[in-house]
Amino acid sequence: MRVTRLKKLFVIGLLVLLVVQFASHTSAEIVNLYDYQTLVVTQDRSERNQATRDGLAEVILRASGQLAVLQDPSILGALSSPSRYLLEFRYEATDETLDVDGKPTPAWRLILKFSQESVTKLLRDRQLSIWPANRPSVLVWLVMDDGRGPLIASSASQPALFDVITESAVQRGVPIVLPLMDLEDQVALSAQSAWQLDEDAIARASERYQADSILVGRLTQTSRGDWRSAWQLKHRDGFDVFDINSEDILEIIGAGVNQTADYFFSLYGYQPSGNASERVIMQVADVRHFQDYVSLLNYLRGLAIVRGVDVSVALGNYLLLSVETEADVKLLQDAIALDSRMLPEPVQAVATVPPGQPENPLKYVWQN
């Protein structure tokens, strides 16, 4: 009996390990865009109402992907009645304090959960931009030189900088991964290699984190005390490079995260087209079982830009699908490429018909 129980525990432990390993190697992360939390000193309705308004503004910003959305008159109108979009709230006790009239005051954590359906409908009805929640994860390396030579920063050595990274990433809904800067990282990537933006060295050091993209910030303090920064963002085979200068290093860090969010929105965000839609024809191989069939349809219907999926033909292990989208074919391909549920079949020849048409369907292999 004891041996059997130990075997069961071993199997359970192995399954847990496999789940953890699988989760750690998932290429794209689903960001929880619709929850918001903040510290408050009371449980009064007035303080909660203000927090609800602030929370709804942040949730709309995350879901939309564009800072300008908060200046739209219809959004300003929605912010005047934020409770309409609130599903639930709760308070949690904390050990933290807030400064009230110069005195530290015990604080509660207020946790708000907003309606994804209502927020998305608000954006769609007004044809405002949407950035789907399936977003690339970003590994952030910071290398600094304050005049004494380059040094790779860590959350232990520069906690204020990494607090700003985390807070800015939460505000914009960017899945951030921070390096551990343990012995393995220190051996894999020297400060000099990071400073020189050595692509091979940075890529090798980043492999353990399995992030979808790599952001390297290089910060230099001038003799006057202000800061200059050069940023390099690598995603797939593309690069985005930008510079930010300021007297305030924290302002530079926040701006670097915002610039990163803007770049990804330009790739994966879209503007709903109202009643207009596009039909994309897709062929999917290796749909071998009924569960594959159900999982595939649920996956496609769960993509934010997909309005509907119809099965045109089911033949053997193949499905021919008609997918109704709010955006163009390229954006649908990019959304699918963010994870590994469907892999594109190799293109055999140059087609004269645009992809997604009946004569040239998008071809994928379902990953069981």
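Two residues are in contact when heavy atoms of each lie within 4.5 Å. The model examined here is predicted. In this model, Thr325 touches Ser277, Glu278, Val280, Ile305, Val306, Arg307 and Leu332, not counting residues up to four places away in sequence. Thr325 is found in strand β14, which covers residues 318–325. Its relative accessibility is 0%, so Thr325 counts as buried.

Strand pairing was examined next. Three strands form an open sheet in the order β2-β4-β3, and the pairing is antiparallel. The edge strands are β2 (35–40) and β3 (86–100), each of which pairs on one side only. From one strand to the next, the twist averages 20°. Strand β4 spans residues 103–114. Eleven bridges link β3 and β4 in the antiparallel sense. Glu88 has Lys113 of β4 as its bridge partner.

Charged pairs were then considered. Side chains of opposite charge can pair when their charged atoms come close. Across the whole structure, the search finds 18 salt bridges. One of them joins Asp182 and Arg208, with the closest N and O atoms 2.9 Å apart. Asp182 lies in the loop between β8 (176–177) and α6 (183–188), and Arg208 in the loop between α8 (199–206) and β9 (213–221), so this pair ties together parts that are 26 residues apart in sequence. Asp182 counts as partly exposed because its relative accessibility is 26%. Arg208, at 32%, also counts as partly exposed.

Asp226 forms a salt bridge with Arg224. Here the closest N and O atoms are 3.4 Å apart. The two partners fall into separate accessibility classes. Buried means under 20% relative accessible area, and exposed means over 50%. Asp226 has 15% relative accessibility and therefore counts as buried. Arg224 has 65% and therefore counts as exposed.

A further salt bridge links Arg279 to Asp310, where the closest N and O atoms are 3.3 Å apart. Arg279 lies in strand β12 (residues 278–285) and Asp310 in strand β13 (residues 306–315), so the pair connects parts that are 31 residues apart in sequence. Arg279 is partly exposed, at 40% relative accessibility. Asp310 is partly exposed as well, with a relative accessible area of 41%. Salt bridges can also share partners: in this way Asp182, Glu184, Asp185 and Arg208 are joined into one network.

Terms used: Residues are numbered from 1 along each chain as its sequence is written. This is a predicted model: local features need pLDDT of at least 70, side-chain atom pairs count only at pLDDT 80 or more; totals for chains, interfaces and linings use all residues. Side-chain values use heavy atoms; hydrogens and water are left out. Two strands pair if DSSP finds at least two bridges between them. Helices (H or I, at least four residues) and strands (E, at least two) are DSSP runs, numbered from the N terminus. Axes are lines fitted to C-alpha atoms, for helices over the stretch in contact, and angles run from 0 to 180 degrees between N-to-C directions. Buried means under 20% relative accessible area, exposed over 50%, partly exposed in between (1.4 Å probe, protein chains only). A salt bridge is a side-chain nitrogen of Lys or Arg within 4 Å of a carboxyl oxygen of Asp or Glu.
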